[in-house]
Amino acid sequence: MDYLKSPIYVSKPSLPDLQDFLPYLEQIWESKILTNNGSFHKQLEKELAEYLGVPYISLFANGTLGLVTALQVLGISGEVITTPFSFVATSHSLLWNNIKPVFVDVEPEFCNLDPEKIEAAITSNTTAILPVHVYGNPCKVERIEEIAKKHSLKVIYDAAHAFGVNYEDQSVCNYGDISILSFHATKVFNTMEGGAIICHDANTKKQIDFLKNFGFASETTIMACGINSKMNEMQAALGLLQLQSHSANNEKRKAIDHFYRKNLNGIKGISFLAQPKNTVPNHAYFPIFVDEKEYGISRDMLYEKLKENGIYGRRYFYPLISEFSMYENYESANSANLLIAKEVSQMVICLPIYPDLKLAEIDYIIHCISGFNQEKEINLIL
Ligand code: T4K
């Protein structure tokens, strides 16, 4: 087996043929409209809303600025309940708005915020819940909605991983008051950098669009201290092309997901998440969880051995957000309250998954995982 010629990363962006992108670039060069709600921007908003089945979408320069703006447009303040098991952008968006993050543990099935632990964390200062559809698997949205209604809280879903995910026959982004998406290079739909906010009414979209353009409501009026977080025309044009291949790419990810499930099944000490019910998933990530006692070597040792053999998985999400020094002093960061999050964060490795991943490469990854704990000779050439 000498097929592994170059490193295998956790993700590899899909891109259209360069030839197909050139006419779009020519149009941009011709029109000289580079940004500020140009024609590609408008077209991508329209096509994405149709494709995803969502009412209103506003494009952003990235998902993080989408999160920051989502909180701003809803006037969120005080304390917000969120998960420690996420990328740090989730809670950074709170700090950018002078909001105190309150970390609540996750549930073990999908590693999403555990609704049953939310109510105990609500205080008179709580204004919202910020859950994450981790790895694209839907949160327990009905239960979260019930709790939010009962306590008059807003719900902002960080759906950075959940592009194209449907739950109960509709986009998972239709749940909550607002959802945000990321179109970063590592995501299932990328515009190199990029993101979006999805909301339910035209007025909220209008306010969001003001906020992403410095707060300008007209040439002479500013409605709030907005920021510049607009997506430019090159990114929007790329998005239009990317949309054409998204379904086919999702099928390839699905096949890889199935292959992993079938072939990792039975390796003692290695587990993975179940397929979520009533969901059309996007197979954005393939996390495995290493039980050191059962598997024989630790998660970190497996992670390092994989790297030594050219396989660059990632420990999404380790450390927990609440363990970073800038967050560890919050009362809610106390790990005694975050036991499940802590446990999964110490067990997880996200394996490579992307449309161009070859069967031989997946085979190799599985071969390594099934061999390392038995000190089998892994005989492969980089
Ligand atoms: N909320 C959640 C739950 C998120 O996960 C994220 C982002 C956000 C919010 C914020 O959305 P954005 O503001 O980013 O739109 C990556 C991404 O930078 C980040 O977008 C993502 N989550 C996070 C989970 O992962 P890193 O530091 O792991 O990325 P990096 O550069 O190490 O990339 C991983 C691998 O992908 C590389 O080893 C090689 C490959 N790669 C990466 C890039 C950037 C490529 O092949 N080409 C590339 O251009 O954070």
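The model is predicted, and local features are reported at pLDDT of at least 70, side-chain atom pairs at pLDDT 80 or more, whereas totals for chains, interfaces and linings use all residues. Residues are numbered from 1 along each chain as its sequence is written, and side-chain values use heavy atoms, with hydrogens and water left out.

The chain is assigned two domains, domain 1 (18-241) and domain 2 (246-373), with bounds that come from an automatic or database domain assignment. Taken over C-alpha atoms, the centres of domain 1 and domain 2 are separated by 25 Å. Contact (heavy atoms within 4.5 Å) involves 40 residues of domain 1 and 37 residues of domain 2. The size of an interface is often given as the accessible area lost when the parts come together. Here the buried area, which is the accessible area (1.4 Å probe) that two parts lose on being put together, summed over both, is about 3200 Å² between domain 1 and domain 2, and carbon and sulfur atoms give 67% of that area. Of the area that domain 1 buries against domain 2, 22% is supplied by Phe103, Tyr135 and Val188, more than by any other three residues. The count of salt bridges (a side-chain nitrogen of Lys or Arg within 4 Å of a carboxyl oxygen of Asp or Glu) between domain 1 and domain 2 is zero.

Grid points are joined across faces, edges and corners, and a volume is the space filled by probe spheres set on the points.

The largest pocket has a volume of about 590 Å³. Its lining consists of 30 residues, and Phe87, Val88, Ala89, Lys187 and Phe317 lie nearest the centre. Helices (H or I, at least four residues) and strands (E, at least two) are DSSP runs, numbered from the N terminus. At least two lining residues of the largest pocket come from each of helix H3 (63-73), helix H4 (89-96) and strand S9 (178-182), and H3 gives the most, with three residues. For composition, Ala, Val, Leu, Ile, Met, Phe, Trp, Tyr, Cys and Pro count as nonpolar, Asp, Glu, Lys and Arg as charged, and the others, Gly among them, as polar. On this basis the lining of the largest pocket holds 15 nonpolar, ten polar and five charged residues. Domain 1 and domain 2 each contribute at least three residues to this lining.

The second largest pocket holds about 290 Å³ of space. It is lined by 13 residues, with Val102, Phe103, Ala121, Ser332 and Asn337 nearest its centre. Strand S4 (residues 100-103) provides the largest share of this lining, three residues. Five of the lining residues of the second largest pocket are nonpolar, three polar and five charged, and at least three come from each of domain 1 and domain 2.

Four cavities of 30 Å³ or more are present in the structure. The largest cavity contains about 140 Å³ of space. Among its 17 lining residues, Tyr135, Asn137, Asp257, Arg261 and Tyr285 lie nearest the centre. Helix H7 (233-264) and strand S15 (286-290) are the elements that give two or more residues to the lining of the largest cavity. This lining divides into ten nonpolar, five polar and two charged residues, and each of domain 1 and domain 2 supplies at least three.

Most residues other than glycine have a negative phi, and most peptide bonds are trans. The peptide bond from Tyr316 to Phe317 is cis, with omega near 15 degrees, and Phe317 lies in the loop between strand S16 (311-312) and helix H10 (339-347). Phe317 is also one of the residues nearest the centre of the largest pocket. The peptide bond from Tyr318 to Pro319 is cis as well, with omega near -5 degrees, and Pro319 lies in the loop between S16 and H10. Glu168, a residue other than glycine, has a positive phi near 50 degrees; Glu168 lies in the loop between strand S7 (166-167) and strand S8 (170-171).

Terms used:
1 Å grid on protein atoms, 1.4 Å probe; cavity = no way out; pocket = protein on both sides within 12 Å on 5 of 7 lines; lining within 4 Å.
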